[in-house]
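The following note sets out several points on the model under review. Please read each point alongside the sequence and the three-dimensional view.

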Amino acid sequence: MAPAAQPSFVSLDDFEKHAYARLDRNALDYYRSGAQDMITVRENQRAFDRIVVRPRVLRDVSTIDMQITVQGQPISSPICIAPTAMQRMAHPEGECATARASARKDTCMILSSWSTTSIEDVAASTPNSHAPKWLQLYIYKDREATKRLIERAQDSGYTAIALTVDTPFLGRRLADIRNRFQLPPHLTMANFSDQGKAQVGKADAASAADNASGLAAYVASQIDPTLSWKHVQWVKSVARIPVLVKGILTAEDARLAVDAGVDGIIVSNHGGRQIDTAPATIDVLEEVCRAVAGRVEVYLDGGVRRGTDVFKALALGATAVFLGRPVLWALSYNGEDGVVEMLDMINEELRLTMALAGCVNISDISRDHVRMLAQPRL
C-alpha cells in the first residue's frame, strides 16, 4: 500500500486546522487559548481586515528584495519567529526543530525562557548559522536565576534579550483552568535545574486556587509582580547585548521604555492571553511608533496570518513581525520542514503583495500604502 499523501496546504489556516485534529487536548488548549472570552485573540486577526492596501501600479517589480536588519543584524525578510513556550508538546524536536527552520530561512527567532529545550541545546542545533537568536526573559523573584539566564544566553551566542513586561500574573485562561494544565511528565522547563522552576505539574495544579491553572500557580510563585521600570534598567546593567521590552500597547509606556534605555519595543498583547479586550496589536502599532519617533526599532506580534498582514504592519511603522501560534501549528504538522513550509508560504505572500503594491524593497513600503477603515467598538 502506498503511503498516505501529505495534506496540501495553501494558507496558514490550513496548518491550524491540521493541528486541531492532531494535538492532544492539554497541548492544544494551552497553545490556542486566550484570556477570558478570547475577544482580543479574535481581534488580533480581525483588525488587519479593517486596513486596506493602496497599491501603486506601473512600476518595475521584476525583482523584489525583502532583506532587512534587526538590531543591526541582517535577515532575509521581516517575518520572524516569536517566543512560544513548551514546543516539545507540539513535536518531539520542539525548539531545536524551530531553530533549524529559522536558520534555513535566515530569519530571527526568539526562544522562550519556558522552552522544553535548553538555551545551550537550541544554540548547538544550528552550529553554522548566522541567523540571530534572541532570548525571551521573565524576571524571576530569584534574581540570580534571572541573571544566569542572561549570562547563559550571551555565552551561547544569543544576540538580544526580549524582556516580557506584561505578566506580573498570568491572565485568566479558561481552557487551562478547566484542564488543570500540566506540562507532560516527560518534559520540563529545560532552562532550570531547580525543580520548583523546571516543573509545571501536579504540585502546581494542586496548590492553585479554584480559579487558576497549574501554570497560573507557577507564575504566582516564581515571577516577581513588584517589577517597575527600574528593573528594566537592572536587566540592561546585567546584559552585554541589546535589551528589548515585549508587551507594550500604549504611547505612554513606549516613551517610558525609551527613557529606560531599551534597544527595541515589541508591540504585543501576549497573543491575547493576558487582558481580554485589550486592543489588537495592529490597532496600536502606529501610536507606539509615533511615540518612539524612530529612536528604537519597533516590532509587532499578534494575529499575523497573511502576507498582506505583514505588509500592513510594515506600512504602519514596524521593522518586522513575529509569528507565534502559526509556528506551533506548523511544528505539529511536520517538525522543522513544517515550519520551513509555513515560512515559505507567508514569505511568498508578502513578496506577491509587495509586487502588486508597487514596492521592490522593504523601504518602499510607506504609510501611504494603507488606509484605516472605521474601527468598531469591541
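1. The largest nonpolar core has 127 residues, among which W114, L215, I265 and L285 touch the most other members. Helix α15 (residues 325-357) gives this core its largest share, 16 residues. Such a core is a set of buried Ala, Val, Leu, Ile, Met, Phe, Trp, Tyr and Cys residues joined through side-chain atoms within 4.5 Å; buried denotes under 20% relative accessible area, exposed over 50%, and partly exposed in between (1.4 Å probe, protein chains only). Helices (H or I, at least four residues) and strands (E, at least two) are DSSP runs, numbered from the N terminus.

2. The model is predicted: local features need pLDDT of at least 70, side-chain atom pairs count only at pLDDT 80 or more, and totals for chains, interfaces and linings use all residues. Residues are numbered from 1 along each chain as its sequence is written, and side-chain values use heavy atoms, with hydrogens and water left out.

3. Neighbours within four places in sequence aside, L285 is in contact (heavy atoms within 4.5 Å) with V267, V298, L300, A313, L316 and A318.

4. Helix α14 (residues 307-315) is largely enclosed by the rest of the structure, because 8 of its 9 residues are buried. These are G307, D309, V310, F311, K312, A313, L314 and A315. They pack against β1 (51-53), β4 (79-81), α13 (281-292), β11 (320-323), α15 and β12 (370-372). After α14 comes G317, with a positive phi near 120 degrees.

5. The structure holds 1 cavity of 30 Å³ or more, and the largest cavity contains about 470 Å³ of space. It is lined by 31 residues, of which P83, T84, H270, G271 and R273 are the closest to its centre. At least two lining residues come from each of α2 (25-32), α3 (39-46), β11 and α15. On a 1 Å grid over the protein atoms alone, a cavity is a set of points where a 1.4 Å probe fits but cannot get out, whereas a pocket is an open set with protein on both sides within 12 Å along at least five of seven lines; lining residues have an atom within 4 Å of a point.

6. The largest pocket holds about 330 Å³ of space. Of its 19 lining residues, T164, V165, D166, L227 and S228 are the closest to the centre. Helix α11 supplies the largest share of this lining, 3 residues.

Terms used
Grid points are joined across faces, edges and corners, and a volume is the space filled by probe spheres set on the points.
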